[in-house]
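The sequence and structure are shown first.

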Amino acid sequence: MSGKKVSKQKSCQLCKNRLASAPHDTSTIHYEKFWLYRHCSSVQQGDRQAQKAGQLFSGLLAMNVVFLGSAFVSSMIFNHVAITLADVWILLSILKVLCLCWIIYYLLGTSRQPHAVLYRDSHAGPMWIRGSVLLFGIFSILLNTFHIGYSAVLIQCKSRVEIVFPSIEILFICTQAFFLWHHSKDCIQVQHNFTRCGLMLTIATNLLLWLLSVTNDTIHMEIESQLREVEQRFAGKAPSHIPACNETVSCTCPNTTICKVFQKGYILLYPFNTEFCLVCCSVLYVMWKNVGRRISHHHVPHIKHKFKLQGVVFGPLLGVIAVIIGICVFMMYQIQATSSVPDRQVFVMFYSYYVVLLPLMSMGAVAGTIIHALEKKELDTVKNPTRSLDVILLMGAALGQIGMSYFSIVALVATDPRELLNSLILSYSVLLILQTITQNVFIIDGLHRQPLGHTHSSKEEETKGEQIHEACDQRRMSMLELGQEIRRASLSYIHSYSHLSWKRRALREISFFLVLCNIILWVIPTFGAHPVFENGLEKSFYGYSTWFAIVNFGLPLGVFYRMHSVGGLLEVYVTA
């Protein structure tokens, strides 16, 4: 009897262990259902069809919201009497309130339901992109604070909406940043369609906020350049104050320190709001793709790589030199270009810096691609929505710089390419295209490579584990012999790993150099250096309106490309 009891206890314990080690029970999985596909032959097939239908309907919702908002913004630009900026702000405020209601419902309701988040995408929401959301969110909050202060000082000629809109914007930014920081990795398994619609509504709202920010910024550039031409004609007789968008000359900032601080702070922090909207859209899109996603338990776990500066010298050194020189060039350009008559030499200096830096970046990217080809690392073919989105964003954002460059090449070749400034701009445009293409190839190739820890270390660990198991099987082996066997296996692993150390160091040097270069190339146009619009060559060839539309399309995409390239290069650096 005692033997039977022992065997029953062992069998029960074995069953408990199997249940504990088994994957999630299918009863906890909430399969999607849709009324169009209620007669499917299997639950899994109906689930797949319902998932596609939910993505389609939520995408249509976002498309209609974006088209409606774009119509409002376009009407404000072309017919600002019928549709004013206040009307656009009211529409966006309604959308933000709806998004806030859904986010709060998700935080307090959906995510807390039983079996709501059974899986988390380890690739989604990496630290650098969540840090970008937090950083740009803080600057956007400061921007709206300055906007409220500036409108409060000029309350006699400002609308009440100009105070209400930034207040709702601050609440929206705080709630959205908190939501993305804590839930960017969620693969939600309940309320699929409602969650998809909420995510798509939030994406559409961020896109409209970005569109409004871009149009307001470009309108400000247009007014500023027009007034600069007037100042050149009348020899400085134009008014010293340049009004912002939708601001009359009578509504000027009084000669007080607090008003000047609010005005300068608003202009300085303005670009960060556009970057915040785009980064949030990318994170929300990955969450939308992960709704209803069930990650296989046989999937290789994502190893968290730490950012370390060990073993890199030349990359940071050259990168810091490029950043310092770039800051000096940027300051000198800002001082000269903001005068009533910009000096031609300042454009020569500005483009000369780019003509020297861009070939170095291209050579680094080509060298990194060759090193990737020399390495015999396996390609990561696992389905990864985050990586797919990174590739799409890199290729899509690069179209802005490449398109502007080709328009410049046509204009300069058709006029006088032998003149010094024209030849520099022509060289800059050609080199910018080459640098963008080579850098995209390097980043995309690096993102699709298995990290070194996934390929070589796993094989070596298997051989090391086999040797240890063989040592343990020999019962007569002493502890000293076992220790020597472990040491021999570890030395063998270190010896084989050292053959790739020079490639690893070279990739880290190149990646870090490109990170610093892209940072300075992001800073220069973000904070107001726009020589493609201010040199006047392409503008005189294409006409003011046409070239302004080209710059309006390409410049914001170029700024976003540099910022997103930094994130991709950091991924390549830490996995090298």
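Is Gln-191 buried, partly exposed or exposed? The model under discussion is predicted, and in this model Gln-191 is partly exposed, since its relative accessible area is 26% and the buried class ends under 20%.

## Overall composition

The secondary structure of the protein consists of 17 helices and two strands. Of the 576 residues in the protein, 47% are buried.

Among contacts with a separation of 6 or more, 86% are between residues 24 or more positions apart.

Gln-191 is located in the loop between strand S2 (186–187) and helix H6 (192–234). Its phi is near 50 degrees, a positive value in a residue other than glycine. Most residues other than glycine have a negative phi.

Thr-110 belongs to another loop, the one between helix H3 (85–108) and strand S1 (119–120). Its relative accessibility is 0%, and Thr-110 therefore counts as buried. Neighbours within four places in sequence aside, Thr-110 is in contact with Tyr-105, Ala-116, Ile-188, Val-190, Gln-191 and Thr-195. The partly exposed Gln-191 is thus one of the contacts of Thr-110. Thr-110 and Phe-194 are 84 residues apart along the chain, and their C-alpha atoms are separated by 9.7 Å.

Over the whole structure, a search finds four cavities of 30 Å³ or more. The largest cavity holds about 290 Å³ of space. It is lined by 22 residues, of which Gln-401, Tyr-428, Pro-525, Val-532 and Leu-555 are the closest to its centre.

Six helices are listed as each supplying at least two residues of this lining: H9 (344–374), H10 (385–414), H11 (420–447), H14 (501–526), H15 (531–534) and H17 (544–575). The largest share, six residues, comes from H17. By residue class, the lining of the largest cavity comprises 14 nonpolar, seven polar and one charged.

## Packing of H11 against H17

Two of the helices that supply the lining of the largest cavity, H11 and H17, also pack against each other at an angle of about 40 degrees, with their axes 9 Å apart. The crossing of H11 with H17 is left-handed. On the H11 side, the contact is made by Leu-432, Gln-435, Thr-436, Gln-439, Asn-440, Phe-442, Ile-443, Gly-446 and Leu-447. H17 contributes Tyr-561, Arg-562, Ser-565, Gly-568, Leu-569, Glu-571 and Val-572. The residues of this contact divide into seven nonpolar, seven polar and two charged.

Apart from neighbours within four places in sequence, Asp-445 is in contact with Thr-369 and His-372.

Asn-273 is placed in helix H7 (residues 257–290). The relative accessibility of Asn-273 is 10%, so this residue counts as buried. With its neighbours within four places in sequence left aside, Asn-273 is in contact with Ser-140, Leu-143, Glu-169 and Ser-213.

Definitions and conventions
Residues are numbered from 1 along each chain as its sequence is written. This is a predicted model: local features need pLDDT of at least 70, side-chain atom pairs count only at pLDDT 80 or more; totals for chains, interfaces and linings use all residues. Side-chain values use heavy atoms; hydrogens and water are left out. On a 1 Å grid over the protein atoms alone, a cavity is a set of points where a 1.4 Å probe fits but cannot get out, and a pocket is an open set with protein on both sides within 12 Å along at least five of seven lines; lining residues have an atom within 4 Å of a point. Grid points are joined across faces, edges and corners, and a volume is the space filled by probe spheres set on the points. Helices (H or I, at least four residues) and strands (E, at least two) are DSSP runs, numbered from the N terminus. Ala, Val, Leu, Ile, Met, Phe, Trp, Tyr, Cys and Pro count as nonpolar, Asp, Glu, Lys and Arg as charged, and the others, Gly among them, as polar. Axes are lines fitted to C-alpha atoms, for helices over the stretch in contact, and angles run from 0 to 180 degrees between N-to-C directions. A crossing is left-handed if the near helix is turned anticlockwise from the far one by less than a right angle, and right-handed if clockwise. Contact means heavy atoms within 4.5 Å. Buried means under 20% relative accessible area, exposed over 50%, partly exposed in between (1.4 Å probe, protein chains only).
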